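This report looks at charge pairs, a chain interface, helix packing and backbone geometry.

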Amino acid sequence: MGSELLRSLGDLISPRLCIHCGQFLSKDTLFLCSECLQNEPYLTEEDLAATSSDHFPDGSVKKIFSPADFTHDSSLRNAVLTLKYKDGFRIGKYLGQLIAQKLRDSIIQAKIDLIVPVPLHRSRLIERGYNQAELIAYGLSSETGIDISTKVIKRVHFAHRQVASGSRDERFKNMQGAFKVVDTALAAERKILLVDDVITTGATIRAAANSLRAEGAAEVYAASVLVVCSHSFRGAYTQ
Amino acid sequence: MKHLRFNDLLRFPALIAAPGLMVGILVNDYGYFPLWFSLPVSVTALLLILIFKLKDQNRLIPLLALLFGFASGAATISVSNASFQSNPLGKLKQSDADITAKISEIRVMTYEKISFTGEVSLIRYDSTAVDTMGKKRTKRHFTVTKKFTEPPTLLFQIKNPDTALYKSFKQQLLPGREISLQGRYANPLNRRNPGGFDYAEYLKRERISAIVYVYPDSTYNISGQPDLIAGSIYSFRQSIGDKIDQLHDKYTAPILKGLIIADRSTIDPEIMQNYIDTGIAHILAVSGFNVAVIYLITLLLFQRLKPYSRGAELFARILILFLFLILTQFQVTVVRAVVMFSVYSLLKYSGRETTGWNTLSITIILILLVNPQDLFSTSFQLSVAAVVGLFLAENIKSEVFRVWRGYFGEKSKKLLVSKPFFWVAEMVLVTLFVQLIMLPFLVVYFGRVTLLSIPANIIAVPLSSFMLVNGILTLFLSLISNFLASLSAAVSGLANSIIDYTIGFLRHTNWGTIEIYDSTAFEAFAFYALIALSLILISAANSFKKKSLIVLATAVCILLSHIMLQTPLLKPEENYIITVDVDQGDCYILKTASGEVWLIDAGVLGPTFDTGEAIIIPLLKRFGIEKIQHAFVSHYDLDHAGGMISLMKKGLIKQLNLPPPDPADTKEVALFSILAKYGKHKIYKTGDLFSANGLSLKVFNQTPETGAKSNSRSGVFMVNFATHSVLFTGDLDRKGEKALMETESNLRSEILKVSHHGSSTGTSRALLEEVKPAFALISAGVGNRYRHPSQKVLQRLEEANTETFRTDLEGCIILQLDEGSIKKVNWR
């Protein structure tokens with residue numbers, strides 16, 4: 001009730017608008033209006049399974065938990081961009097909760113022990129002020145009740161922004177050795193869910209997963225707000 | 001952020017409440033709505049808004065927001081106005097007085113002027129009463145002592161203090177201490193000349209009840225402890241100012257003091273005028289621009305804090321902004337910018353991406369609720385108008401650039417679609433829009449708008465933001481190494497001289513400048529209405545061509561309405577004699593029904609003030625006078641001949657008539673050669689007669705005798721026009737008067753221009769016997785150091801049954817000379 005009162009007061013001073021379409025948000029919607037959320041290109045279980053094996057043919061990551069496809073007019077894409085590049089740090093937790101709400105059953109089924117957000121390099125962390133993956137992971141954790149740890153892995157070398165550059169192999173080479181497991185005790189014998197904002201080629205996740213598995217992690221899963229799904233992904237990267 | 005449509009605006013209560021608040025303040029400044037009415041209305045409206053919002057019922061909120069804005073504006077202005085004492089000494093307008101006051105704020109501390117405000121606890125002044133005993137009326141002078149329980153704030157001014165006084169005041173004057181001194185207490189006049197600056201209004205908005213012109217020879221006593229907070233802030237400001245002075249050259253230091261601590265008092269008036277005339281005074285006004293630079297510095301400074309605590313980072317950032325606010329003594333432009341940045345950051349922190357318009361509205365509401373008087377402050381108005389212009393430019397920019405790209409992108413003219421080109425184009429567009437929205441204010445306050453501001457801004461804005469950052473850096477460097485600091489100071493100096501050179505050059509080209517001195521409030525209102533209408537039409541129009549047509553039509557309408565709304569102050573078919581208020585100096589304009597305009601003397605040229613440029617030229621424009629046929633200089637003192645130089649330079653005078661300079665007096669010879677350099681001139685002598693179209697002027701008292709004082713040799717003019725006669729006696733002293741009366745037999749005149757600002761050196765009883773004036777004109781500065789006009793002279797005039805008009809009491813005096821009668825024109 002208290003937070004609702006505060007939100008109403010806040011709306012009086014400065015009404016909230018949908019990040020995607022600019023419509024006024026009603027009292028109990030956050031960040032994205034229900035219409036925009038409805039029109040998302042959500043993925044089915046089959047889509048996800050196909051995408052997982054497409055991205056990780058080596059089985060380094062067992063399964064991807066991503067509610068929607070990465071397309072250009074997606075409202076979630078807009079939300080992620082705001083989170084990453086427009087200082088919209090409050091959206092992180094919301095997006096994490098959204099992942100959990102959409103894929104709750106399959107996440108619970110996987111019996112995951114620990115959520116680990118993909119870390120940022122320290123210089124990027126200072127530049128942005130926060131790790132967006134960590135914020136998403138918090139939301140995911142709060143909704144599913146699974147423990148979270150940011151102390152398992154660390155990013156050791158700085159990669160340049162790779163939102164739209166390079167082929168999958170190039171990216172993977174670029175990412176190799178980027179992560180180092182700091183707390184092996186936490187990783188050993190456990191089912192770990194790696195969380196990132198977007199999975200484009202899977203290079204980052206694969207690099208992190210390989211480091212974790214090398215230190216004895218039982219199984220590695222991946223979660224993200226958006227994933228470049230196999231069909232759209234083929235169109236974009238197989239030329 | 002998406003562009004908002006008109007309907008969307010209704011969803012932002014602040015966007016509606018802010019204009020409502022401003023209207024409420026404007027309307028209730030006249031006190032229509034009492035507090036017992038406005039306050040409950042405002043509180044009820046606010047409560048209703050809250051209730052409706054909690055129930056998610058949004059339909060009535062815009063209306064309630066408007067009501068809340070209006071009522072709270074009305075309430076806050078009436079509370080603020082009630083606490084102000086407009087006439088602390090009752091009906092008394094001016095008097096010499098002994099005053100004890102607690103110093104509140106030191107405003108100017110230079111060799112030319114010291115000025116500070118103080119809360120007056122005790123004032124002892126002279127008053128007069130008229131006793132009537134039968135038919136006999138006698139004036140009785142007595143001293144009144146008044147103590148205040150609710151002390152009014154007075155402004156104290158000392159012009160040209162001597163070095164000893166300056167040094168001791170600079171050391172001892174601190175906020176919170178008590179001072180007692182003597183000076184001339186004066187209720188401020190609203191305008192001293194037609195079209196002039198409304199000083200009384202300005203002081204009222206600053207909560208200042210009256211002015212005390214401190215006599216430079218006053219004895220004074222400063223005692224007591226300084227106020228802990230205000231005193232230390234002042235001392236801190238002083239020490240920063242001194243440090244800046246010490247590190248930089250004498251041209252750069254005053255500008256940097258303006259940029260960093262908002263202390264503009266030491267900037268050379270000529271340079272200040274360069275900034276104003278080229279439309280970049282906003283840089284020196286410590287505006288959003290400076291705060292934006294500080295804001296960017298804080299962003300860089302606290303970035304490392306972010307991963308640990310965003311709350312702490314936000315707090316640290318806002319704290320720095322508020323420290324800057326304290327350092328600049330809460331100047332309203334800085335308040336505007338700091339509150340706006342804070343509101344923006346807080347909203348952003350709470351996860352609300354908001355529009356600039358909404359942020360601006362919230363800022364306006366916050367500021368005006370605390371101090372509604374700010375609405376009347378020039379700086380606040382210009383500052384808000386500038387932000388509105390900026391936002392409009394931002395909204396329109398993308399569309400203009402898109403059309404531009406569409407047109408030139410095809411024609412492979414790389415330069416016209418390159419990045420640097422768009423950077424410059426953006427600056428041009430922003431400057432244009434800011435100027436457009438500020439236009440009515442610029443016209444009212446500065447009498448001019450100029451396109452020069454476009455090149456001036458493009459060059460000066462980056463350079464002065466560099467100067468601001470580098471200036472702060474230099475201050476920190478000086479803590480480590482004086483050598484490094486002086487290197488860095490030299491770089492600032494270079495930047496400053498580039499700005500100086502550029503704007504000095506631009507100003508003298510005078511390109512793209514329109515001067516308007518006769519605007520009205522109604523015109524300003526019409527202007528904004530037209531702009532608003534055309535903006536609505538533009539948003540409705542669907543092609544670029546239609547939009548351009550609407551802009552063009554708006555411009556034509558504005559020009560036409562300006563021409564049609566002009567109101568002449570002087571009727572062309574009447575005769576006038578105008579005593580211009582040039583402070584301690586002389587300047588008279590004679591205008592006949594036939595359109596002939598003559599000028600006698602032109603006021604002061606001092607180190608910081610040129611009457612010709614600052615008062616007479618704008619006044620002539622206000623009167624619609626383009627050319628002066630004959631100008632006369634009575635003698636070569638700077639308070640009579642000084643202002644003539646800039647009038648000659650501007651080519652406003654057809655023929656300048658000068659007295660023969662004394663070859664033994666080098667100053668006179670020098671001034672003569674300067675004046676003679678700029679145009680047609682003639683040396684007059686006794687007996688010369690000038691006449692044209694019903695106006696004639698005869699010269700007396702020009703004997704080629706040398707060695708006498710310049711005042712004794714003052715040219716005396718007998719002017720005849722419209723059946724009236726006026727005697728101008730310059731600065732004539734007793735000796736000169738005697739000589740005059742010996743040589744001239746008939747000196748009878750209806751109007752006498754009293755010699756030497758009413759000094760007791762002239763205007764003897766004998767002269768008054770000869771002239772027998774019905775009216776007397778005295779031009780003297782309020783609270784001038786010579787205490788002109790002298791009580792003796794005033795008494796003699798009264799005994800001679802002469803009605804006296806004084807510029808120190810009533811500002812500019814316009815007398816209309818009709819056939820057989822003379823009447824005073826009320827121009828206020």
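A salt bridge here is a side-chain nitrogen of Lys or Arg within 4 Å of a carboxyl oxygen of Asp or Glu. The model is predicted. A search of the whole structure under that rule finds 39 salt bridges over all chains. Side chains of opposite charge can pair when their charged atoms come close.

**Salt bridges**

Two of the pairs are set out below.

| Glu206(B) | Arg107(B) | 2.6 Å apart |

**The interface of chain B and chain A**

The contact involves 28 residues of chain B and 29 residues of chain A. About 2,600 Å² is buried between the two chains, with 59% of it on carbon and sulfur atoms. Which residues of chain B lose the most area to chain A? They are Leu54(B), Arg310(B) and Arg352(B), together 24% of what that side buries.

On the side of chain B that touches chain A, the elements giving two or more residues are helix 2 (13–28), helix 3 (35–54), helix 13 (332–349) and helix 14 (356–370) of chain B. Helix 3 of chain B gives the most, with four residues. By class, that side has 13 nonpolar, five polar and 10 charged residues.

**Helix packing in chain B**

Helix 12 (residues 310–327) of chain B packs on helix 13 of chain B at an angle of about 175°, and their axes are 10 Å apart. The two helices are therefore roughly antiparallel to each other. Helix 12 of chain B contributes residues including Arg310(B), Leu314(B), Ile318(B), Leu321(B) and Phe322(B). From helix 13 of chain B come, among them, Val334(B), Val338(B), Phe341(B), Leu346(B) and Tyr349(B). This contact divides into 12 nonpolar, three polar and two charged residues.

Helix 8 (residues 252–261) and helix 17 (residues 453–480) of chain B pack at an angle of about 95°, with axes 10 Å apart. Helix 8 of chain B is therefore roughly perpendicular to helix 17 of chain B. Thr252(B), Ile255(B), Leu256(B), Leu259(B) and Ile260(B) make the contact from helix 8 of chain B. Residues on helix 17 of chain B include Ser464(B), Met467(B), Gly471(B) and Leu475(B). The class count is eight nonpolar, three polar and no charged residues.

**Backbone geometry**

Most residues other than glycine have a negative phi, and most peptide bonds are trans. Two sites call for a look. The peptide bond from His788(B) to Pro789(B) is cis, with omega near -10°. Pro789(B) lies in the loop between strand 21 (775–778) and helix 27 (791–799) of chain B. Glu189(A) is not a glycine, yet has a positive phi of about 65°. The loop that holds Glu189(A) runs between helix 9 (184–187) and strand 7 (191–199) of chain A.

Notes: Residues numbered from 1 in each chain as written. Chains lettered and ligands numbered in written order. Predicted model: local features only at pLDDT ≥ 70, side-chain atom pairs only at ≥ 80, totals over all residues. Heavy atoms only, no water. Axes fitted to C-alpha atoms, helices over the stretch in contact; angles between N-to-C directions. Parallel < 35°, antiparallel > 145°, perpendicular 65-115°, else oblique. Contact = heavy atoms within 4.5 Å. Nonpolar A, V, L, I, M, F, W, Y, C, P; charged D, E, K, R; others polar. Buried area = accessible area lost by both parts, 1.4 Å probe.
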